[in-house]
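Please consult the sequence and the model below before reading on.

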Amino acid sequence: MSTPYASAAPYYARYRPPYPAELYALLADRFALDGSQTVLDLGAGPGTVGLPLAPLVEQVYAVDPEPAMLAEGCALAEERGHGNISWLRGDAAGIGRLCLPRIDLCVIGDAFHRMDRARVAADLDAVLAPRGGIAVVTSLAAAWPAVVDEVRARFLGPGAGTGTGAGADHVRDAEDQLAKSEFSRVGTTRWERSARCTVDQVIGLQFARASSHPALLGDRKDAFASELRRALLDHDPGGTYTRTVTVAVTVATRPRR
């Protein structure tokens, strides 16, 4: 059964920016990806991490609790010709029930902080190959123009800001939690880049968020979009907004013996 967050799925698939190519180059090097590996994309959404990994490995298992996200990902995979992705409904609490084969790499994109991290690491210890590991990807984005938070507050209540400052805490938490697990050999790499967004992209990204998805806004969705568009264009009539985006990947493997 779908949740209200299902309404975010098409916006997430269309507007969520891709992770940098350097991320996949790092994973390919770190885990010697040569087309023969099996990858678990846990909390996959529409395959933001799993889709670009598909050409580098033999099989991807994309797992997410939301059927609408899986449907979006399946459509994208078909469009891109990736036939080696299995889209499975499930969550981080049920890794053992998925009956997966031996996994070489588990990737988790911007979702680890919402999971029972200690349990996930323990469950993955049972399915990851001896030289396998976990890669937790976290986005740390600079703030949008203040008008975005102002419009969000009017429609969603005080405290409904964009929450861009939380990413650094999520990285530290991932490092701390994984260091306590069997995968205690932990390191984080970061990349920084400038991202340019149009008005439509800024609005679409708000609808992709759990705190402002269309079902949450209900019949105020169109008014929210209209008011946010007006506020953004008043702020900058050029209609293009640039912010610095940092992506971090925390890679954890078992200690070498």
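At what angle do helix α8 and helix α10 pack, and how far apart are their axes? In this predicted model, α8 (residues 199-207) and α10 (residues 221-235) pack at about 140°, their axes being 10 Å apart. Angles over 145 degrees would count as roughly antiparallel; α8 is therefore oblique to α10.

**The α8-α10 contact**

- The crossing of α8 past α10 is right-handed.
- On the α8 side, the contact is formed by V199, D200, V202, I203, Q206 and F207.
- Helix α10 contributes K221, F224, A225, L228, R229, L232 and L233.
- By class, the residues of this α8-α10 contact comprise nine nonpolar, one polar and three charged.

**The sheet**

- An open sheet of mixed pairing is built from seven strands, in the order β3-β2-β1-β4-β5-β7-β6.
- From one strand to the next, the twist averages 20°.
- Five bridges join β2 (residues 59-64) to β3 in the parallel sense, and Y61 lies opposite S86 of β3.

**Helices on the sheet**

- Helix α2 (residues 21-30) packs on the sheet, where it touches β4 (103-109), β5 (128-141), β6 and β7 (240-253).
- The direction of α2 makes about 10° with that of β7.
- Helix α4 (residues 67-80) also packs on the sheet, in contact with β2 and β3.
- Between the directions of α4 and β3 the angle is about 170°.

Terms used
Residues are numbered from 1 along each chain as its sequence is written. This is a predicted model: local features need pLDDT of at least 70, side-chain atom pairs count only at pLDDT 80 or more; totals for chains, interfaces and linings use all residues. Side-chain values use heavy atoms; hydrogens and water are left out. Two strands pair if DSSP finds at least two bridges between them. Helices (H or I, at least four residues) and strands (E, at least two) are DSSP runs, numbered from the N terminus. Axes are lines fitted to C-alpha atoms, for helices over the stretch in contact, and angles run from 0 to 180 degrees between N-to-C directions. Contact means heavy atoms within 4.5 Å. Angles under 35 degrees count as roughly parallel, over 145 as roughly antiparallel, 65 to 115 as roughly perpendicular and the rest as oblique. A crossing is left-handed if the near helix is turned anticlockwise from the far one by less than a right angle, and right-handed if clockwise. Ala, Val, Leu, Ile, Met, Phe, Trp, Tyr, Cys and Pro count as nonpolar, Asp, Glu, Lys and Arg as charged, and the others, Gly among them, as polar.
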